Each structure stands twice: as C-alpha cells, then as structure tokens.
Amino acid sequence: MPFVPLYGEESVPAFCLPELLRSEAGHAIETAGQWNTVRRPELLRLFREHVYGFPPAADPHFRVEIRESGFAFGRNALREQVRLRFGSDGRAPFIDLLLYRPRSPHPVPAFLGLNFKGNHTTTFDPVVFSPASWVSEAAPHGAQQRRWPYERILEAGFAVATFYYGDAAPDSPLHWREGLARLAPAQHEGPLPTGNEPGAVAWWAWGLSRALDYLSTYPAIDSRRIAVIGHSRHGKAALLAGAEDERFALVISNDSGCTGAALSRRRIGERIVAINERFPHWFCGNYHRFNEKEDRLPVDQHQLIALMAPRPVYIASATNDHWADPVGEYQAAVAAAPVYALFGFPQVAAALGNGMPAPDTSVGDRIGYHIRTGDHDMLAEDWRHFLRFAGRHFCEA
C-alpha cells in the first residue's frame with residue numbers, strides 16, 4: 001500500500017515521548033554529571049543501535065593537499081581549496097574542502113557544512129573546482145549560491161568551509177559505499193546497510209568531523225568556535241555530527257525534518273517508513289524495524305537535540321515545508337530544554353515560548369528557533385538568524 005502523508009494538527013495521534021531524564025534502569029537524572037556519565041552515553045548507544053548505526057570504524061588520518069589558494073571577493077577575503085586524502089595513493093577516497101576566511105589578524109570562528117552539488121555551485125567564483133568524485137548531476141557555477149551568502153558571512157567576521165557530500169558518501173542506494181565507506185570493510189555483501197552498520201548519514205557526519213580535524217589545526221581559525229550547519233538531509237547529518245563530536249561548539253539544523261529535528265511520534269509529513277523506502281541507504285538496517293511503528297522506537301529526536309547540551313543548538317523551519325513538520329521540529333526543541341537546566345541554563349524552555357513563534361521571528365537562547373516564511377530551502381533570511389545566534393554565543397566564548 002503506498003505511503004500517504006498526513007498534515008494538520010488534527011491528524012497527530014496521542015503519543016508519549018520517551019523519557020529524557022530517566023535512565024534505562026529507571027533512575028532520575030538530576031545533575032549534569034549524571035547526564036554526562038549515564039544518560040548521554042545511553043542515548044548515544046540507542047541512536048547508534050536503532051537509527052544511524054555505530055560510528056564508522058575507519059582510520060581518520062588523512063594527508064593534506066593544497067589544490068589552490070588566493071584572494072576572493074575583491075581581495076577582502078582569502079580562499080583555499082584543500083583535498084583531504086585518506087590514503088597514500090591516488091585512488092584513495094578524499095574530501096575536497098572549500099574554505100573562505102576574512103582577512104583578519106586574529107583567529108576567527110567558522111561555519112562548516114555540506115553542499116549538495118559541488119563546491120562550485122555555492123559561489124560564482126570561477127576559480128572554485130567542480131567535484132572530482134561521484135556526482136549525481138551536473139550543475140553550473142553558482143547554482144546554489146542562494147544557500148551560501150559568503151560575503152555576508154565573511155563581513156560578520158566568520159570563516160566558512162564546505163564540501164560536496166558525495167565525497168563522503170554518494171547519495172545513492174547503489175553507490176553510497178564508493179566514498180569514505182571504502183575505508184571500512186563492508187559488514188555484508190548486499191548494497192544496503194544491515195543491523196547497526198552505519199549508512200550514508202553517519203558517513204556524512206563522519207566526514208564533517210574529519211573536516212573539523214583539519215580546521216582545528218588551521219592557525220587562522222579559532223578551533224573553539226566552529227559551528228556545524230546543514231540543510232535538509234545535511235541538517236540530519238549536522239545534528240548527528242554534533243551529537244557524536246562534542247568539539248563542534250554550536251550546531252545548526254535547517255529544515256531537517258524526519259530523523260533530523262522533527263519528532264517521529266507525531267507521524268506528520270514524512271514518516272520513518274517513507275524515508276526508509278525512498279532512501280534505504282541513509283540509516284542503519286535496524287531502523288527499518290520501526291516502519292509504521294514509531295511508538296516502539298526507544299528514542300525520539302528531542303533526545304538527539306539534547307545530546308548537544310550544554311552547547312548552543314539552533315533549529316530552523318519554513319512555513320510551507322509541511323513535509324518536514326515544522327511544529328514537530330519546534331516541539332522537539334522545547335522538549336530538549338530540560339537537559340540544559342542541569343547545566344545551569346534554567347531559562348531555555350521559557351525563552352522558546354509557549355507555542356510556535358510568528359514567522360521570521362527568532363526565539364530562544366541556548367536552544368534557538370525560527371520558522372521562515374517560504375519553502376524548503378536555506379536562504380539569506382535564515383543566515384540572518386544563524387549569524388546573530390552564533391555571534392552572540394561565540395562572543396561569550
């Protein structure tokens with residue numbers, strides 16, 4: 001029977017979210033220490049076992065190849081194109097990282113994120129290379145520039161780095177192993193992940209951590225102030241990267257929806273069964289057990305957001321993006337707030353308010369949220385909120 005999505009709050013069934021501040025043994029989690037030593041490891045294990053798979057068992061070491069460097073944007077910024085190669089020969093998998101940074105005498109904070117169609121599509125800068133790895137479709141320079149307002153980001157004092165997500169894992173159920181997954185032996189002979197084997201989303205997150213490895217050694221960037229950001233499926237990867245790698249100082253999820261920021265138990269818009277059928281390579285094989293059985297899943301996405309605590313995290317939605325369930329994204333942010341109280345931020349829930357904020361209005365402090373007027377996309381209006389949120393928190397660092 002084909003999947004038919006439901007929309008509207010009248011379609012949301014009664015549900016109970018899994019406990020956030022109670023351990024599997026039934027003990028209340030009342031301190032930050034208990035969260036860090038008991039509940040956080042439990043939740044990570046549950047997400048790994050049932051949703052994303054365990055972190056890739058691959059050698060994280062790479063060698064750096066500087067492909068190009070120079071001035072950009074009227075000599076107001078510096079550009080660097082770097083290949084991170086995970087092996088000693090020319091056939092080894094790699095990530096091609098594009099980095100822009102302001103001309104500053106001091107180390108600056110940075111954003112790091114994946115892009116969909118190649119580094120060259122994020123800018124009209126003609127020097128930027130097209131992907132050398134597997135790519136699903138050709139796109140011209142600047143085709144997705146609207147999602148990467150580099151000059152505005154640089155003017156705000158941030159560096160920004162991105163790489164094509166197909167470098168880490170081609171977004172195809174037949175080809176996803178042809179990226180960084182070549183570094184780890186397959187757990188079986190079939191094309192799709194089985195059991196708790198990591199799928200493409202886990203490899204995208206792992207690739208983000210390797211790019212962070214490089215940026216953390218870059219003298220012009222402040223390694224204590226690096227934010228991971230992602231839109232749509234890349235928002236899912238950004239949340240996972242932030243949960244797995246606490247070196248990310250701030251996490252931003254834009255329109256990430258199902259198995260991103262939205263609560264699965266609401267069963268609105270895209271559901272687990274739909275995402276597993278359309279993208280069977282994204283998550284671990286065990287996740288398919290919960291098709292049409294969201295209530296049996298031992299975790300939900302508020303717990304993933306809570307894994308960022310006490311670091312700042314920002315969730316963004318769009319008014320017309322019903323598939324991603326904006327209300328579910330907002331409710332997950334609110335439901336994650338109690339963990340921040342353990343770390344001395346009791347105002348997090350109150351700052352998010354008592355209901356969906358007005359469109360194009362940002363709310364929250366350690367957990368931020370806005371819903372932009374418009375469609376599923378990441379635009380300059382979203383970046384306005386992201387830059388303000390990151391600027392506030394990174395200035396406090």
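Colleague: Which residue in strand 10 is the bridge partner of S317?
Modeller: Welcome! This is a predicted model, where local features need pLDDT of at least 70 and side-chain atom pairs count only at pLDDT 80 or more, while totals for chains, interfaces and linings use all residues. Residues are numbered from 1 along each chain as its sequence is written, and side-chain values use heavy atoms, with hydrogens and water left out. Strands are DSSP runs of E with at least two residues, helices are runs of H or I with at least four, and both are numbered from the N terminus. In strand 10, the residue that bridges to S317 is I371.

Colleague: Over how many bridges do strand 8 and strand 10 pair?
Modeller: Two strands count as paired if DSSP finds at least two bridges between them. Strand 8 covers residues 313–318 and strand 10 covers residues 367–372. They pair in the parallel sense, and the number of bridges is six.

Colleague: What is the order of the strands in the open sheet?
Modeller: The open sheet has 10 strands, and its pairing is mixed. Reading across, the order is 1-2-3-5-4-6-7-8-10-9.

Colleague: Let's look at strand 3. How many bridges join strand 2 to strand 3?
Modeller: Strand 2 spans residues 77–85 and runs antiparallel to strand 3. A77 stands opposite P102 in strand 3. The bridges joining the two strands number nine.

Colleague: And in strand 5, what is the bridge partner of L98?
Modeller: Strand 5 takes in residues 159–164, and strand 3 pairs with it in the antiparallel sense over four bridges. The partner of L98 there is T162.

Colleague: How many residues of strand 3 are buried?
Modeller: Buried means under 20% relative accessible area, exposed means over 50%, and partly exposed lies in between, using a 1.4 Å probe and protein chains only. One side of strand 3 holds F94, D96, L98, Y100 and P102, the other holds I95, L97, L99 and R101, and all of these are buried. For residues 94–102, the count of buried residues is nine of nine.

Colleague: Where is P170 found?
Modeller: P170 is buried, with a relative accessible area of 1%. P170 and P105 are 65 residues apart in sequence and 38 Å apart in space, C-alpha to C-alpha. P170 is found in the loop between helix 3 (165–168) and helix 4 (200–215).

Colleague: How many aromatic pairs does a search of the whole structure find?
Modeller: Rings of Phe, Tyr and Trp (its six-membered ring) pair if their centres lie within 6.5 Å; planes under 30 degrees apart are stacked, over 60 edge-to-face, and the rest tilted. Across the whole structure, the search finds 25.

Colleague: Y165 and W204 form an aromatic pair; how many residues apart in sequence are the parts it ties together?
Modeller: This pair is tilted, at 5.0 Å centre to centre and 50° between the planes. Y165 lies in helix 3 and W204 in helix 4, so the pair ties together parts whose separation in sequence is 39 residues.

Colleague: Over the ring of which residue does the charged end of R83 sit?
Modeller: A charge sits over a ring if NZ of Lys or CZ of Arg is within 6 Å of the ring centre and within 35 degrees of the ring normal. R210 does this over W206, 4.7 Å from the ring centre. For R83 the distance to the ring centre is 4.0 Å, and the ring belongs to F94.

Colleague: How much space lies in the largest pocket?
Modeller: On a 1 Å grid over the protein atoms alone, a cavity is a set of points where a 1.4 Å probe fits but cannot get out, and a pocket is an open set with protein on both sides within 12 Å along at least five of seven lines; lining residues have an atom within 4 Å of a point. Points are joined across faces, edges and corners, and a volume is the space filled by probe spheres set on them. For the largest pocket, that space is about 200 Å³.

Colleague: Which residues lining the largest pocket are the closest to its centre?
Modeller: The largest pocket has 15 lining residues. The closest to its centre are S232, R233, E270, W323 and H376.

Colleague: What is the volume of the largest cavity?
Modeller: The structure holds four cavities of 30 Å³ or more. Residues lining the largest cavity include R67, Q81, D96 and Y164. Its volume is about 90 Å³.
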